[in-house]
Amino acid sequence: MNDVVQWAALAPLLALVGSLINAFFGRSLKEPVPGILASLAVAGGFVLAVLAFIGLQGSDHGVQVTLWRYLTAGTLHLDAGFMIDRLSVTMMLIITGVGLLIHIYSIGYMHGDDGNSRYFAELNLFVAAMLVLVMADSFPLMFIGWEGVGVCSYLLIGFWYRDRANPDAGRKAFIVNRVGDVGFLLAMFLTFKAFGTLNIGAVNAAAPAMLYGSATLTLIGLLYLLGAAGKSAQLPLQVWLPDAMAGPTPVSALIHAATMVTAGVYLIARIGAVYAMAPAAASTVAWVGALTAFVAAFAAFAQTDIKKILAYSTISQVGYMIAAVGAGAYWVGIFHVLTHAFFKALLFLTAGSVIHAMNGEQDIRKMGGLGRKMKITGVTALIGTLAISGVPFLAGFFSKDAILSGTLTSGLLAGNGGDVVYILLLITAAMTAAYMFRWYYGIFAGASRVDKHAAEHLHESPPVMTWPLGILALGSIVVGYLGLPEFAFPNLIQRWLEPATAKVDFNTVSVSTDWLLVGLSILMVALGLGVGWWVYHVRKGAPVASLKESNLAGASRGALGFDALYRILFVASGEGVAGGIATLDREVVDRGLTGTGAAVGLLGRLATALQSGFTRAYAFAMLLGVVTLVVVAALTGVLK
Amino acid sequence: MIALFVILIPLAFAVVTGLTGTRRSLAVLFGLVSTLATFALALFLPGSSGVSVPWIPGFGATFTLQPGGAGVVLTLVAALTMIPTVLVAARRVERAPGVFVALLLVMQAGLAGVFLAGDLILFYVAWEVTLIPSLLLLGMFGRDKRRAAVLKYLVYAIGGSFLMLISILAIKPLSGAASYRFADLMAATPHLAGATQVWLFVGLAIGMAVKLPMWPLHSWLIDFNEQNHPSGAADVAGTLYKVGAFGFFAWAMPLLPIGVERVGPVLLALAVVTALYGALAATAQTDIKRLLAYASLSHMGIVGVGIFGLHLAGLNGAIFLLAAQMLSTGGLFLISGMLYERRHSFDLDKFGGLAKSAPALSALSLFVLFTAIGVPGLANFPGEFLSLLGTYQQHPWLAALATLSVIAAGVYGVNFFQRLYQGEEREPTREIGALETFALIPLIAGILWLGLSPAPQLQRIQEQSKLIAAPTATAEAPAPPPAALAVQAGPGALADALGGSR
Amino acid sequence: MVPTPYYIAVSALLMTIGSVGVLTRRSAIMVFLSVELMLNAANLAIVAFARQWSASGVEPALSGQAAVFIILAIAAAEVAVGLGILVAIFRNRVSTDVDELSEVRL
């Protein structure tokens with residue numbers, strides 16, 4: 001069975017080859033060949049992942065595939081290798097599975113775009129990098145995938161590069177990611193210092209033997225958190241994701257919902273053993289996740305762009321995942337990655353469908369009642385909305401619930417505010433339901449605010465786009481059942497993933513408490529949806545109309561002003577410092593040293609003045625010289 | 001013996017090519033033949049034997065060539081980089097391309113001498129000999145403000161070299177070594193008194209710091225790059241000539257350990273400043289050449305950080321980065337030449353939207369650019385990573401500061417790319433041509449080779465790094481977790497295919 | 001006899017007058033005159049010392065006095081050559097002003 005698992009190592013290669021073919025020959029291939037090619041590459045990866053999944057059924061250990069020696073420096077011998085275990089296979093399935101659906105969808109969405117082959121080349125490259133990220137068995141190799149997805153994200157956000165705003169958004173993402181990368185790099189350096197190795201498995205194995213709660217482990221945890229925050233758009237590095245919506249919608253679905261932004265969650269889950277030994281770091285992770293979830297949900301209320309709402313929603317949901325892994329509930333975090341991948345990708349793709357039908361319009365104030373004209377999109381969007389809100393029996397309910405109970409009962413968070421984290425996440429659940437209701441209702445239901453001209457073009461998307469919607473919708477319902485709460489039902493995903501992740505203590509609670517918690521979260525969902533229903537359907541938006549100009553709305557729209565703050569704090573001052581250094585270099589350092597050249601010239605000119613040709617001056621000089629000699633000789637006693 | 005030919009072949013061809021003067025086709029022919037032959041030969045350098053004959057017996061100077069470790073890697077990569085450089089030079093220099101190519105070949109010979117020298121006097125002679133072609137390239141073929149640039153370059157270089165010479169001349173008599181051969185010096189110098197080592201080291205350090213270049217002695221580089229011939233070929237040569245780091249690594253540091261111990265921290269701090277300063281200044285530039293000059297300064301700062309951290313990993317990484325940046329920075333300079341061809345300006349504001357009509361050029365530029373800013377998987381990353389990793393072990397704060405430069409690198413890198421290629425296009429541009437593609441191919445191949453499989457080269461560099469820093473005592477076990485099943489998917493076969501001896 | 005210091009004093013005086021003359025006189029003839037004065041001042045000093053040392057039996061007086069003769073002869077030769085050059089210059093440009101002869105320079 002090992003052989004089958006081992007072949008999964010080829011998955012990134014397939015995607016890479018697909019990318020290269022499209023990159024070099026894509027121009028000469030007629031549509032839809034590039035898209036089909038790219039989809040086949042991902043499909044191949046999916047097949048390999050499924051095979052590996054089957055192959056790993058019996059054992060809870062992974063398979064190590066060593067490729068070649070990458071680095072050598074004294075005692076540091078690092079091989080490029082893959083670790084294909086339950087955790088990485090789960091991620092692989094998500095990446096290639098959801099990725100495949102999005103590739104197929106893109107064939108329709110990017111139809112007619114003259115960058116079609118370039119799009120698929122970059123998308124395939126992304127898949128390859130993401131696969132490397134999740135399969136890597138060492139930190140540097142993971143970092144190759146980590147920055148690789150960053151590069152692809154940059155390219156795809158700025159895909160329609162003719163409009164300067166798009167590449168600028170890509171640039172913002174890249175730079176903010178780089179800030180996080182500094183954290184990742186420093187974490188790697190410190191890891192090597194503390195553990196003497198950069199192999200993930202070895203670090204995980206050695207962690208339990210280290211000093212519990214030591215400063216070094218805590219610092220390592222915090223630095224990796226910084227990296228994760230950059231990649232997963234968490235506080236304080238969340239500012240790039242809303243701007244990233246400038247890219248094509250399938251890109252937002254794949255990269256900025258299902259995969260790249262979950263890389264941070266995966267990282268922390270992967271090195272859970274380290275966090276399990278550093279409660280301060282783990283608690284910080286959970287706090288960051290919870291705060292981010294709350295702030296992002298708050299910001300989602302005042303947004304008017306169909307994708308920006310989903311962007312803030314993503315930030316918020318990823319916050320949930322981060323909170324989960326911070327609490328030590330690693331399988332829970334990955335579970336939410338799985339469910340979120342389905343319903344968020346679905347939501348984005350429905351948004352894409354709408355944008356496609358509305359000829360590029362993205363402002364929800366100009367939409368409304370679209371569900372009547374676009375049945376499939378409307379229904380699937382509703383399913384996605386209900387799923388993300390955490391409505392019982394849909395996917396989001398199970399995973400969100402597990403997160404909530406995980407943060408409340410976590411041993412790592414006990415004493416570090418685990419209950420506050422829980423409360424934040426609980427409130428955010430209500431907010432999520434509310435703003436998602438607003439999103440759905442404002443676009444698909446209610447009165448139509450659509451411009452007459454646009455209304456004529458409204459049509460449902462072609463099958464190549466609606467089939468993926470259907471499959472994702474199905475997944476949004478079904479996938480949740482993999483994680484039925486263990487206190488009452490068999491929890492498949494927990495049993496699958498737990499052996500592959502670190503062990504953390506959780507307080508056990510009585511079954512009745514468990515049911516109580518479930519009830520509480522259902523209450524929150526009902527509250528959110530209820531408020532939404534009342535405000536938008538019953539009162540047709542009247543209660544919030546007056547709020548639109550308020551400070552509260554302003555704060556929400558500006559997402560608490562992080563962007564503006566950063567612009568002043570970093571961009572402006574950075575430009576100032578850089579300009580200052582450039583000027584300093586040109587004027588001061590340069591002149592200072594070329595000044596010596598001028599000084600030498602000056603000395604030269606002085607010396608020239610002596611050679612005047614003036615005979616009497618020469619004579620005088622001679623006399624002076626002789627007198628000096630005599631005096632000196634007399635004084636030093638040479639003449640005796 | 002191979003080492004000797006690696007030096008002689010370019011020299012011989014230089015003479016021939018120089019004589020052809022203005023005949024472009026001959027310049028192309030001789031240039032390509034020479035560089036290809038040199039590169040092919042250089043592939044056989046590892047493990048080859050050296051040469052050692054007495055040269056100035058009364059003085060103790062020998063003609064010793066010692067193809068060992070780091071020098072071989074650098075010579076090889078330099079040889080690879082020279083191939084596209086002479087091609088571009090031969091085709092793009094307007095008058096006297098033969099002379100230009102001849103100067104490039106002389107430089108190559110001199111560089112090989114610097115990297116492969118096993119005798120300190122030979123090292124110095126090669127060091128100075130290589131200065132001459134770079135001066136001539138700037139002075140004869142440079143742009144309108146070249147005189148000032150030449151003067152500045154000359155003052156800095158000679159000033160530094162003078163101090164270096166004093167130290168070099170003093171080191172043998174003071175230490176009582178049998179000759180200027182490295183082995184003989186190594187046996188004698190560690191016994192020198194601390195104070196003596198320090199001033200000898202300082203003398204060497206100043207000369208090498210100018211060439212590194214290290215802040216605050218770096219200003220010559222900016223004008224040097226700005227005023228060189230617009231094809232970028234002379235700038236590539238200048239990139240290859242950043243031998244200061246190698247001087248520290250191969251001579252100053254192994255020979256004078258106490259000097260390193262005392263003066264090292266200052267140099268490390270200056271290197272950190274150089275890395276940050278260069279990256280920040282680069283973000284504010286609007287002239288392509290100046291931007292690349294500052295960027296290159298920043299990379300050399302990281303090289304310095306790796307070297308002065310005195311950790312084996314850092315040393316390996318630093319010299320690796322030195323080799324890698326020959327390819328990436330060199331590639332960027334050639335690309336800048338291609339851009340100049342199209343707009344006759346190096347002003348970033350004159351560009352924009354080039355990706356529309358020159359997508360291949362855009363893609364290749366992006367590739368080389370990302371290599372330069374240290375994207376993993378490409379050539380610069382292993383060097384940068386190890387440099388910072390190594391230095392972090394002993395000096396975490398300084399290394400962390402230096403790591404911040406990657407943010408600035410991201411800024412200037414992406415800005416550079418965007419202002420050139422994104423946005424609306426003012427006028428259509430020519431897509432990348434055959435010559436230009438052929439020029440970039442060797443560099444891209446080199447980038448992939450170094451980026452994906454750095455270990456063999458790192459192993460070679462380590463032969464010399466060991467003379468400065470001992471391998472760390474921490475036990476390294478890249479063992480997979482005990483419970484996992486390890487599968488070796490033919491690492492042996494793959495490794496052999498990718499880079500020869502381990 | 002007159003004590004030697006008095007002779008030295010006169011010699012120094014003459015030397016000073018001569019030096020000042022060389023430095024401040026603009027006419028070439030006067031410069032020559034002053035140079036002669038300086039030479040004779042030196043002669044005086046030599047003769048004074050010669051007498052002093054011979055009186056105390058250290059040196060025969062003749063060696064000092066022989067020196068004077070040699071100096072006188074050299075002075076005469078120098079004046080002859082110098083006046084010859086001066087006449088040649090005078091033929092070329094009418095003035096003998098030293099300040100105008102400033103071609104010996106870099």
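Two pairs of chains do touch, and the pair with the most contacts is A and B.

This is a predicted model, in which local features need pLDDT of at least 70 and side-chain atom pairs count only at pLDDT 80 or more, while totals for chains, interfaces and linings use all residues. Residues are numbered from 1 along each chain as its sequence is written, chains are lettered from A and ligands numbered from 1 in the order in which they are written, and side-chain values use heavy atoms, without hydrogens or water.

**Two helices in chain B**

Two packed helices are described by the angle between their axes and the distance between the axes. Take helix α11 (residues 244–255) and helix α13 (residues 288–308), both of chain B: their axes come within 10 Å and cross at roughly 15°. That makes α11(B) roughly parallel to α13(B) (the term covers angles under 35 degrees). The crossing is right-handed. From α11(B), the residues A245(B), F248(B), F249(B) and M253(B) meet V303(B), I307(B) and F308(B) of α13(B). The contact residues divide into seven nonpolar, no polar and no charged. Nonpolar here covers Ala, Val, Leu, Ile, Met, Phe, Trp, Tyr, Cys and Pro.

**Aromatic pairs**

The whole structure holds 43 aromatic pairs over all chains. Rings of Phe, Tyr and Trp (its six-membered ring) pair if their centres lie within 6.5 Å; planes over 60 degrees apart count as edge-to-face. Here are two such pairs.

| Pair | Centre to centre | Angle between planes | Type |
|---|---|---|---|
| F562(A) and Y566(A) | 6.0 Å | 65° | edge-to-face |
| F115(B) and F246(B) | 5.0 Å | 90° | edge-to-face |

F562(A) and Y566(A) share helix α27 (residues 562–610) of chain A. They sit four residues apart, about one turn of the helix. F562(A) counts as buried at 18% relative accessibility, and Y566(A) counts as buried at 15%. Buried means under 20% relative accessible area (1.4 Å probe, protein chains only).

The pair in chain B joins two helices. F115(B) lies in helix α4 (residues 97–116) and F246(B) in helix α11, so the pair ties together parts that are 131 residues apart in sequence. Both F115(B) and F246(B) are buried.

**A cluster with residues from A and B**

One aromatic cluster includes F139(A), F143(A), W146(A), F184(A), F189(A) and Y224(A), together with F381(B), F385(B) and Y392(B).

Terms used:
Axes are lines fitted to C-alpha atoms, for helices over the stretch in contact, and angles run from 0 to 180 degrees between N-to-C directions. Angles under 35 degrees count as roughly parallel, over 145 as roughly antiparallel, 65 to 115 as roughly perpendicular and the rest as oblique. A crossing is left-handed if the near helix is turned anticlockwise from the far one by less than a right angle, and right-handed if clockwise. Contact means heavy atoms within 4.5 Å. Rings of Phe, Tyr and Trp (its six-membered ring) pair if their centres lie within 6.5 Å; planes under 30 degrees apart count as stacked, over 60 as edge-to-face and the rest as tilted. Buried means under 20% relative accessible area, exposed over 50%, partly exposed in between (1.4 Å probe, protein chains only).
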